[in-house]
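Hello,

Here is the structure I promised to pass on to you.

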Amino acid sequence: MNEVRLRRAIAQACRAIHARGWVANHDGNVSARVAPGRIVCTPTAVSKGAIDEDLLIVVDGEGRLLAGRLKPFGEINLHLAVYAARADVQAVLHAH
């Protein structure tokens with residue numbers, strides 16, 4: 001999936017989990033692998049109900065910000081560990 005479509009899908013997933021009450025306030029995060037070492041993800045401290053494609057950020061395999069104006073979420077290393085351990089996993093969503 002190209003990055004534009006992936007961003008749209010992540011934003012839709014964020015709004016859906018928020019609408020269903022699966023996350024409160026700024027809880028939970030969504031990320032997806034767009035290419036090796038390139039992960040599109042939600043930023044920290046933004047309600048999932050307010051996420052749009054322009055708010056998403058891109059990090060590398062070490063969690064360093066590659067694109068976007070906001071900061072990565074605190075649990076980024078959990079998502080990155082999943083991607084490192086499982087080449088077949090293309091997205092991670094956690095809600096709490």
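**Notes on the model**

Gly-49 sits in the loop that connects β2 (38–41) with β3 (57–59); helices (H or I, at least four residues) and strands (E, at least two) are DSSP runs, numbered from the N terminus. This is a predicted model, in which local features need pLDDT of at least 70 and side-chain atom pairs count only at pLDDT 80 or more, while totals for chains, interfaces and linings use all residues. Residues are numbered from 1 along each chain as its sequence is written, and side-chain values use heavy atoms, with hydrogens and water left out.

Setting aside neighbours within four places in sequence, Gly-49 has contacts with Arg-15 and His-18, where contact means heavy atoms within 4.5 Å. From the C-alpha atom of Gly-49 to that of Leu-65, 16 residues apart along the chain, the separation is 22 Å.

**The sheet**

In what order do the strands of the open sheet come? The order is β4-β3-β2-β1-β5, with 5 strands and antiparallel pairing; two strands pair if DSSP finds at least two bridges between them. β4 (65–67) and β5 (91–94) are at the edges with a single partner strand each, so one side of each has no neighbour in the sheet. From one strand to the next, the twist averages 30°. (Axes are lines fitted to C-alpha atoms, for helices over the stretch in contact, and angles run from 0 to 180 degrees between N-to-C directions.)

Strand β1 (residues 29–35) and β2 run antiparallel and are joined by 4 bridges. Along this pair, Ser-31 stands opposite Cys-41, and Ala-35 has Arg-38 as its bridge partner. The hairpin of β1 and β2 has 2 residues between the strands, and Gly-37 there takes a positive phi near 70°. On to the next pair: β2 and β3 are antiparallel over 3 bridges, and Val-40 is partnered by Val-58 in β3.

Both helices are worth a look against this sheet. Helix α2 (residues 76–85) lies across β1, β2, β3 and β5, at about 40° to β1.

**The cores**

How many residues does the largest nonpolar core have? It has 14, and those with the most contacts inside it are Leu-6, Ile-10, Cys-14, Val-30, Val-40, Ile-51 and Leu-56. (A nonpolar core is a set of buried Ala, Val, Leu, Ile, Met, Phe, Trp, Tyr and Cys residues joined through side-chain atoms within 4.5 Å.) The elements giving two or more residues to this core are α1 (3–19) and β1, and α1 gives the most, with 5 residues. A second, separate core of 10 residues includes Ile-39, Val-59, Val-89 and Val-92.

**Cysteines**

Cys-14 is buried at 0% relative accessibility, and Cys-41 is buried with a relative accessible area of 0%. The structure holds 0 disulfides, a disulfide being a pair of cysteine sulfur atoms within 2.5 Å.

**Salt bridges**

There are 4 salt bridges in the structure, each being a side-chain nitrogen of Lys or Arg within 4 Å of a carboxyl oxygen of Asp or Glu. Glu-3 pairs with Arg-7, with the closest N and O atoms 3.2 Å apart; both lie in helix α1, 4 residues apart, about one turn of the helix. Arg-7 is buried, with a relative accessible area of 16%. Arg-64 and Asp-60 meet at 2.8 Å, N to O; Arg-64 is exposed at 53%, whereas Asp-60 is buried at 11%. Asp-88 forms a salt bridge with Arg-86, the closest N and O atoms being 2.6 Å apart. Asp-88 is exposed, with a relative accessible area of 53%, and Arg-86 is partly exposed at 44%. Salt bridges that share partners join Glu-3, Arg-7 and Arg-38 into one network.

Best wishes

Notes:
Buried < 20%, exposed > 50% of the residue type's maximum accessible area, 1.4 Å probe, protein only.
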